[in-house]
Amino acid sequence: MGGTWTPLNNTAPSSVLTMLLLSDGSVMAQQAGATTTWYRLTPDSHGSYVNGTWSTLASMHDSRLYYSSQVLRDGRVFVAGAEYGSATNKQTGEVYDPVANTWTLTPTSGQVFYDSISEIVSNGNVLIAPVFPSFCGHTVLYDPTANTWVSGPTLFRGCYQDEASWVKLPDNSILTIDPFGTNSERYIPALNAWVNDANVPVSLYDSFGFELGAGFLLPDGRTFHLGSTGHTALYTPSGTTSPGTWAAGPDIPNAQGTPDAPAAMMVNGKILCAVSPTPTSGNHFPSPISFYEYDPVGNSFTQVNGPTGLTLNWVPYDSRMLDLPDGSVLFAWDHTQLYVYQPTGAPSVAWRPTIVTITPNAGGTYHLAGTQINGISEGAAYGDDAQMNSNYPIVRLTDGAGNVYYARTFNWSSTSVMTGNMPVTTEFRLPPGLAAGTYSLVVVANGISSDPVSFYTPDALRIISLNNKAVISWPSSAVNAVLETTTNLVAGTWVPDTDTVNIVGGSFVVTNTANIDHAFFRLHGH
């Protein structure tokens, strides 16, 4: 049985297409076509994207359609190239700062990207395969910290990557099927080199538009690749530089294929796929769109309804998907009306992120350490025309009344996937104006959330005492602040008790406070 489609209650200001998840839980979406206009979708006070509201963001310098796009480890957004628009023949990219709401052009790269594929590699740089003048398989790397470009390694077979789809593996290598045949190869970050891999047993590129579908890392560690021909393939990594193993997957039913088409890894481990009739010489991009769920456990497809019926009278290349933090998938199709798809089933416990520690930093930010906070896949995918990876941590807080707030995460230690027990960290900053109190906090990756932990805002710490005694601590920046106590915190109203303590160290033991089992503490002057 399939999931449920729900239309957003508020339509977008205009038709939108490419969508990216910002690290504060909001969605930035580009106006459809070769445009410079971007909008933001912000969930409502209960975390609902269906009831979310739209606002307009700053415009890019160059218009672009079909291009590289990545959310960087510091939370900024990187774009480069375009198949259409004013960026088509330019050699620069742009970086968007969501805090300042500004776009900044990068230096000249020496390459023209067109609809180039991209990935963030293990050191945080963006690896891109330009289409021109790199027909001989050159790549480039953008360093977002230094704001510089460097030459990347040449692909093993010297094959340019137009229309390719890249998949990040658990060992941080990047897998590609070389256009437009059955050769595969991988980028090894530790070597900064491409190595040869095994041959795919079926043809996935079609013979007319030479298109391909999306590729995914599955929960069991294999990868799954959708073909424009209607064939699919499965790859088992070696975990080393040696070739992996390819096997044919099930054909997409009803003579359907993926000539440039979005798909999304869902929280239940299945993949939501937008497909169409397979291309012909007379029609490289047929319609309508049909929707299927691929189940990697059963290795089978099941057709599900679309947002408006069994099929959607549109072409899949003109649609996008995005994994949302609430476990649903956002779907756009060059239209003002967007939809969310809520799958059935729950994620396996083994896929969930875990929170190990949360510690305050100087300056009001926090350091969260945990495991698997980047998720077990990269989220939704499309291919060379758009990348919407969301394998990074999102921090969500919920108060006692059910109100939901998203903190802004940044400086992720890693964008690796399926990291298991390896420690991973992120910094986060609470949303402006967050009320003092106690919150339930989770970290989310691709819609899969951790178990909640109690989180206390800096200005109100709920204390559980022992023998009428409480030990509290605070960031070093709180030295010389004043600590107040109260047993009366109703509807946000603070009525302080008579006793206060001047902070002179890193922690303090408070004793003999009236009703300390129900006391709150507030810091002032930090």
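This note covers aromatic residues in a predicted model.

1. Ring pairs overall. A search of the whole structure turns up 28 aromatic pairs. One of them joins Tyr96 and Trp103: the ring centres are 4.9 Å apart and the planes meet at 40°, so the pair is tilted. An angle under 30 degrees would have counted as stacked, and one over 60 as edge-to-face. Tyr96 and Trp103 are both buried.

2. A cluster. Trp5, Phe291, Phe331 and Tyr341 belong together here. Ring pairs link these residues into a cluster.

3. A charge over a ring. Look at Arg320 and Tyr382. The charged end of Arg320 sits over the Tyr382 ring, 4.3 Å from the ring centre.

4. Tyr294, setting. Tyr294 is part of strand S25, which spans residues 289-295. Is Tyr294 buried or exposed? Its relative accessible area is 0%, so Tyr294 is buried; the cut-off for buried is under 20%.

5. Tyr294, neighbours. Leaving aside residues up to four places away in sequence, Tyr294 touches Phe224, Leu234, Pro250, Lys270, Ile271, Cys273, Asn299, Ser300 and Phe301. Phe224 lies 70 residues from Tyr294 along the chain, yet their C-alpha atoms are separated by 9.7 Å.

6. Tyr294, polar contact. Which residue's side chain makes a polar contact with the side chain of Tyr294? Asn299 does, at 2.7 Å.

Methods. Residues numbered from 1 in each chain as written. Predicted model: local features only at pLDDT ≥ 70, side-chain atom pairs only at ≥ 80, totals over all residues. Heavy atoms only, no water. Phe/Tyr/Trp six-rings, centres within 6.5 Å; stacked < 30°, edge-to-face > 60°. Buried < 20%, exposed > 50% of the residue type's maximum accessible area, 1.4 Å probe, protein only. Lys NZ or Arg CZ within 6 Å of the ring centre and 35° of its normal. Helix = DSSP H or I, 4+ residues; strand = E, 2+ residues; numbered from the N terminus. Contact = heavy atoms within 4.5 Å. Polar contact = N/O pair within 3.5 Å; in protein donor to acceptor, adjacent residues only side chain to side chain.
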